[in-house]
Amino acid sequence: MLFRSTHESNQKYEEKFKNFANFNYCGKSEVDLKKVKKDLIQKSFKRLLCEGGPTLLNSMFQKNLIDELDLTLQVKLSHANNLLKIVQGSIVEPFVNLKPYQVIQHEKTLLLRYLFQGHRL
């Protein structure tokens, strides 16, 4: 397991998981995502999967670190007016150009795969 975090946030977990995780702190108060990507590529990782929430996704868009976006959709109707967007924070500039690549339906779930302009598999 590879663990990437900030110096300030999760050093308390290093002792607990040191026997089965590799720790690398990438930034003092905010994770330097470009440094994480560079570190993983240097370790010969060719494909990287990043899972997170709207804030992480926005940061990755802002730093131009995404070449593919995979969404899992399952329709549920709600009266809530505080639903989250997939990207939290300022508007992504320049506008992200996504190309639909693959759609898979399984029961009531849709799996959508988008590629960013210029990305090749």
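Mentor: Here is the core, then its aromatic pair, then the helix. The model is predicted: local features need pLDDT of at least 70, side-chain atom pairs count only at pLDDT 80 or more, and totals for chains, interfaces and linings use all residues. Residues are numbered from 1 along each chain as its sequence is written, and side-chain values use heavy atoms, without hydrogens or water.

A nonpolar core is a set of buried Ala, Val, Leu, Ile, Met, Phe, Trp, Tyr and Cys residues joined through side-chain atoms within 4.5 Å. Buried means under 20% relative accessible area, with a 1.4 Å probe and protein chains only. The largest such core has nine residues: L33, L57, M60, F61, L65, I66, L69, V87 and F116. Helix α3 (residues 54–62) gives the largest share, three residues. Helices are DSSP runs of H or I, at least four residues; strands are runs of E, at least two; both are numbered from the N terminus.

Now the rings. Phe, Tyr and Trp rings (six-membered for Trp) pair if their centres lie within 6.5 Å; planes under 30 degrees apart are stacked, over 60 edge-to-face, the rest tilted. The centres of F61 and F116 are 5.7 Å apart and the planes meet at 50°, so the pair is tilted. The two sit 55 residues apart, F61 in α3 and F116 in strand β5 (residues 109–116). F61 is buried at 11% relative accessibility; F116 is buried at 12%.

Back to α3. Its buried residues are L57, N58, S59, M60 and F61. They pack against α2 (33–42), β3 (68–74) and β5, where contact means heavy atoms within 4.5 Å. Just after α3, N64 has a positive phi of about 55°.

Note on methods: Buried < 20%, exposed > 50% of the residue type's maximum accessible area, 1.4 Å probe, protein only.
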